[in-house]
Amino acid sequence: MSNALLVASPSDLGAEGRIVLEGRSQLNLQASAGYGFDFHWLREVTGNILTGDFGLDLTAAAKADLKLCLKDEFRREISLDEDGWLRLQVFRLSGHDLGLGAGITASVQARVPLPEDCDSLLAALLGTPQAQKLLGPALRCYEDFQRLPAEIRQPLAELLSIYSAHDMADVGKKIESVLKLRDRVYSKALEAVRQKFVARIGCLYQASEQSAALLDCSFKFTPAGLAAYREALQGDYARLLTEENANVRLRQGRLTHGLSREIRLEVHLPFMSRAQWRSRLESFASMEVEVGEDGRVMVYDVEAAHRVAARDAYQSALALAGGVWVKSGESETRFTLTYTDQHVLKPQTAPLSLAPLLSAYGFGGDAQACLEQLALRPQEGDLEASLTVEIPGKLVSAWLKTPPERSTEFYRGFSSVSRAVQQAMRTWLPYAYFSQPERYEDLGSAFPLLVYQASGPFVGKTGVELSYDVMSSKSMEVAYRTAAQNLPGLVQRAEQTLRAAGKNRSAEFYAPRQAQRILASVQRDNRLLRSLLSADTFFIHELVRLGNTGRQLSQQLDKNPQEAVKNLSKFAAQFVKAFHGKLRRLYGGQGFTALSSLFLIEATRALGAAYVEPVPIAAKLHLKRQGSQPLDRFFTSPSALP
């Protein structure tokens, strides 16, 4: 690289007028972006009117300064541009991808509103447009509340439900709780911003063709221009991307022109009944804020032990309540239903374990090739695999559009729901259960699960059947027949997994020739298989009930919205309780309660295709070595980049 650094005039480029450098390096990038929130909060019923915010646009006075470092193998080309300036282009090195040796790391700093300033997030937390006007003076004077002008003091007190002429400490305490919650949201939002930037860089990098420049700059042959060129050649593009320089031209590049300068973050608050609404400021003091792998900022008012149940209850309420706003045209549907799975896998077995998931969500051989490379380096430690799937909020209106039960249209929609949920069960349950390969050695549990996975979703031929009937010998015969066709391939994968894990003796039980024997053993004792097929029926029944409730809610909203929202909240809790009760000990003594959100997503997507419009599911896979920097390898469904 020394010769390239010494370039000071066109003649230094040699007879070819070009220098090419290849090798491992890093690119240091810097960006500044404003970020705001899409605010979602189903609040209460007041005066028989359903109130809340779905997709409320909060343009926060917040900026994020990000520094990103991309490490990989690159090709640099130094030449002259059309104006005789020195041109530096950076490309992906042929044959390399953002995989084993590559990585993206990022740090983020924020410039957020000062605590004494008012902003739209703070006003939204108080749930009224009045808050924006009233809070400015109140936040500066709440310790001396009585000195506020009466035209401010009285409406603010009524707004906060705290009016007491003799209890100034209570006034300050409650306003302080709102400020602290706002600041916790801003603090967590930074991690969401970082995730979104890293994901976007990863997707842009992966999608870029090797003939398209990642970065492309021209430098004038002046001391300032050449100094900037040397910085860039050494991988430092931070100042080039953030500072004006008359001696530098930033040309079209994948990493410089593909990034948005504004980031939208979803913020979700829990549903509050009318009684809870009156004491919301006290609740704010104990609320927790977290950001998930999906980049959503979630506010919870429950302890960590009940976090999964609260999240699932919220998603089911969102499916119904969100449908109300989508249906009424009052929302731009800037919300999503999401599910994230996280498992720690052995690198030797990860390619085989993840293969069905990758296939189900449209990840091709590119993902599989990366996993196979990881399997070659087991000494580097276990692998954290995180898969996030999501669908857009507009699909949830389908739950309010279901036709009457027993109608042809109802069966058409819910037969799709049935197949989607059955397929999700057969994809995700074996993945979660066999993520620990030693569970294959418990033949009494492993064999029935493999037969269940091989049986395939039930496809009814009448207008009433949605799942296998375990009490019908004819229906069970259909399940066994489809299992016989698919079982050899699953048995072979089990054998390969065990051999990759060094369990050659146990692998003998899964030789392809054993498939018929495995099926016969499960037919002799089919209790566990029947329990899984019964679970299919249970989940489908609950989703049918959700559809009927959604249709009733839609009709009830016009006549009695207060009762409708009461029923919505009650049903969401019952729905999750029923799902969790079945999932808590679904199989092999193991709990799989997190799958509740996944089933709702798959069902909503299927129902949306029937009654709204077909929308591809978006999915993102993130791989990371334990105890080290993430590999930052992102795969996304081709039809829906993040």
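This is a predicted model: local features need pLDDT of at least 70, side-chain atom pairs count only at pLDDT 80 or more; totals for chains, interfaces and linings use all residues.

User: What kind of aromatic pair do the rings of W41 and F284 make?
Analyst: The structure holds 22 aromatic pairs. For W41 and F284, the ring centres are 6.3 Å apart and the planes stand at 50°. Planes under 30 degrees apart would count as stacked and those over 60 as edge-to-face. With its planes at 50°, the pair is therefore tilted.

User: How many residues apart are W41 and F284, and which elements hold them?
Analyst: W41 belongs to strand β1, residues 19–46, while F284 belongs to helix α10, residues 280–284. The pair thus links distant parts of the chain, with a separation of 243 residues.

User: And what is the geometry of the pair F458 and Y468?
Analyst: Here the ring centres are 5.2 Å apart, with the planes at 70°. The cut-off for this class is over 60 degrees. The planes of F458 and Y468 are at 70°, so the pair is edge-to-face.

User: Where do F458 and Y468 lie, and how many residues apart in sequence are the parts they tie together?
Analyst: Both F458 and Y468 are buried. F458 is in the loop between α15 (443–455) and α16 (473–500), and Y468 is in the loop between α15 and α16 as well, so the parts tied together are ten residues apart in sequence.

User: Which residue lies over the face of Y433?
Analyst: Y433 is part of one aromatic cluster that also has F434, Y440, F447, Y510 and Y587. A charge is placed over the face of Y433, at 5.0 Å from the ring centre, and the residue is R439.

User: At what distance from the ring centre does K582 lie over the face of F538?
Analyst: The limit for a Lys is NZ within 6 Å of the ring centre. K582 lies over the face of F538, and its distance from the ring centre is 5.1 Å.

User: Which side chain makes a polar contact with the side chain of H268?
Analyst: H268 is located in strand β7, residues 262–268. Its relative accessibility is 1%, so H268 counts as buried. Beyond four places in sequence, H268 touches residues including H40, R296, Y314 and F335. The polar contact, at 2.6 Å, is with the side chain of E266.

User: And which side chain does that of S25 make a polar contact with?
Analyst: S25 sits in strand β1 and, at 17% relative accessibility, counts as buried. Leaving out residues up to four places away, S25 touches L70, K71, D72, F74 and R76. The side-chain polar contact of S25 spans 2.9 Å, and its partner is R76.

User: How many of the residues of α14 are buried?
Analyst: α14 reaches 37 Å from its first C-alpha to its last, close to the 38 Å expected at 1.5 Å a residue. The helix is mostly covered, and the buried count out of 26 is 20.

User: How far apart in space are F571 and L546, C-alpha to C-alpha?
Analyst: F571 is in helix α20, residues 561–583. At 5% relative accessibility, F571 counts as buried. F571 and L546 are 25 residues apart in sequence, and in space their C-alpha atoms are apart by 8.3 Å.

User: What percentage of the residues in the chain is buried?
Analyst: The secondary structure comes to 21 helices and 13 strands. Of the contacts with a separation of 6 or more, 77% are between residues 24 or more positions apart. For the 642 residues in the chain, the buried share is 54%.

Technical notes: Residues are numbered from 1 along each chain as its sequence is written. Side-chain values use heavy atoms; hydrogens and water are left out. Rings of Phe, Tyr and Trp (its six-membered ring) pair if their centres lie within 6.5 Å; planes under 30 degrees apart count as stacked, over 60 as edge-to-face and the rest as tilted. Helices (H or I, at least four residues) and strands (E, at least two) are DSSP runs, numbered from the N terminus. Buried means under 20% relative accessible area, exposed over 50%, partly exposed in between (1.4 Å probe, protein chains only). A charge sits over a ring if NZ of Lys or CZ of Arg is within 6 Å of the ring centre and within 35 degrees of the ring normal. A polar contact is a pair of N or O atoms within 3.5 Å; within protein, one must be able to donate a hydrogen and the other to accept it, and residues adjacent in sequence count only if both atoms are side-chain atoms. Contact means heavy atoms within 4.5 Å. The expected span of a helix is 1.5 Å times one less than its number of residues.
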